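Me: I am new to this structure and would like to go through it step by step. Could you take a few questions?

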Amino acid sequence: MSTPLNSNDISRDLHLDGIRAVLIDLDGTLVDTAGDFGVALNAMLADLGAAPVPTERLMTFVGKGTANLVRKTLAERLPESEIDAHFARAQDKYEAVYTSINGENTALYPEVREGLAALRAAGLPVACITNKQHRFAVALLEHYGLLDQFDLVYGGDSWPKRKPDPMPLVKACEAFGVAPAQAVLVGDSGNDAQAARAAGCRSLTVPYGYNHGESIQTIDTDGIVASILGAARAIVPKATPSLAG
């Protein structure tokens with residue numbers, strides 16, 4: 001998990017000018033998915049006769065796609081020489097379990113619904129850009145009744161490259177007909193910020209989430225916002241009635 005912040009780390013009175021599209025990460029940004037990951041990954045290890053790994057440890061592997069997640073988890077319990085031999089079986093088991101529980105052991109972060117509603121009320125196109133497989137991302141958003149809040153959903157398998165590569169961000173900007181400089185990516189990790197910088201987008205970071213277990217204070221971002229609603233307040237002009245109060 002990310003290192004906790006004190007209140008002074010939140011960017012106050014932040015406003016990003018000229019934003020015409022919003023891109024948002026999923027795991028650790030919209031939804032706390034640690035429970036689901038822990039259940040599926042430890043079921044995968046149990047299938048191989050290996051001992052479980054604490055969820056806090058597993059969450060430091062999240063953010064770079066399923067194959068990376070599975071491989072790093074196997075490395076916790078298997079000799080490196082055995083990982084390739086067990087990888088296909090392990091990934092199949094992980095995906096089967098994850099499919100069956102997707103959303104069951106998760107929680108929506110505070111002010112997500114309010115933030116998305118504010119962005120939609122402002123008429124901004126919104127995309128969910130995650131390294132989670134597309135089918136898992138769509139199912140999770142449906143679980144929370146949020147799928148209709150997004151104009152696009154790109155998963156880690158939607159394009160040949162995933163975050164921190166800029167490709168999915170660039171593709172989203174092209175789909176929305178905006179220049180990268182007119183888009184902002186809201187995420188919880190350096191993975192997100194790196195992708196945004198490489199694409200030429202702006203970047204906002206929420207203080208919760210995972211970030212590979214590292215502190216977010218050192219992330220190269222345009223600001224740290226308390227929540228998705230906080231991000232909306234930084235993106236939408238302050239005169240917008242829907243954000244009053």
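Me: Which residues does Asp 25 touch, not counting residues up to four places away in sequence?
Reply: This is a predicted model. In it, Asp 25 touches Leu 30, Ile 129, Thr 130, Lys 163, Leu 185, Val 186, Gly 187, Asp 188 and Asp 192.

Me: Where is the place of Asp 25?
Reply: Asp 25 sits in the loop between strand S1 (21–24) and strand S2 (31–32). An unreviewed UniProt entry places the feature "active site" at Asp 25.

Me: Is Asp 25 buried or exposed?
Reply: Asp 25 is buried, and its relative accessible area is 6%.

Me: What does the side chain of Asp 25 make with the side chain of Lys 163?
Reply: The two side chains make a polar contact at 2.9 Å. They also meet in a salt bridge (2.9 Å, N to O). Lys 163 lies in the loop between strand S5 (152–154) and H7, and Asp 25 in the loop between S1 and S2, so the pair ties together parts that are 138 residues apart in sequence. Lys 163 counts as buried, at 2% relative accessibility.

Me: How many salt bridges does the count come to?
Reply: The count comes to 11 salt bridges. One of these joins Glu 76 and Arg 57, with the closest N and O atoms 3.0 Å apart. This pair links distant parts of the chain, with Glu 76 in helix H3 (residues 66–77) and Arg 57 in helix H2 (residues 55–58), 19 residues apart. Glu 76 is partly exposed, with a relative accessible area of 27%, and Arg 57 is partly exposed at 39%.

Me: Which residues are linked in a network of salt bridges?
Reply: Arg 197, Arg 202, Asp 220 and Asp 222 are linked in such a network. Within it, Asp 222 forms a salt bridge with Arg 202, the closest N and O atoms being 3.4 Å apart.

Me: Changing topic, how many disulfides does the structure hold?
Reply: The structure holds 0 disulfides.

Methods:
Residues numbered from 1 in each chain as written. Predicted model: local features only at pLDDT ≥ 70, side-chain atom pairs only at ≥ 80, totals over all residues. Heavy atoms only, no water. UniProt positions renumbered as here; feature names shortened; annotations may be inferred. Helix = DSSP H or I, 4+ residues; strand = E, 2+ residues; numbered from the N terminus. Buried < 20%, exposed > 50% of the residue type's maximum accessible area, 1.4 Å probe, protein only. Contact = heavy atoms within 4.5 Å. Polar contact = N/O pair within 3.5 Å; in protein donor to acceptor, adjacent residues only side chain to side chain. Disulfide = S-S within 2.5 Å. Salt bridge = Lys/Arg side-chain N within 4 Å of Asp/Glu carboxyl O.
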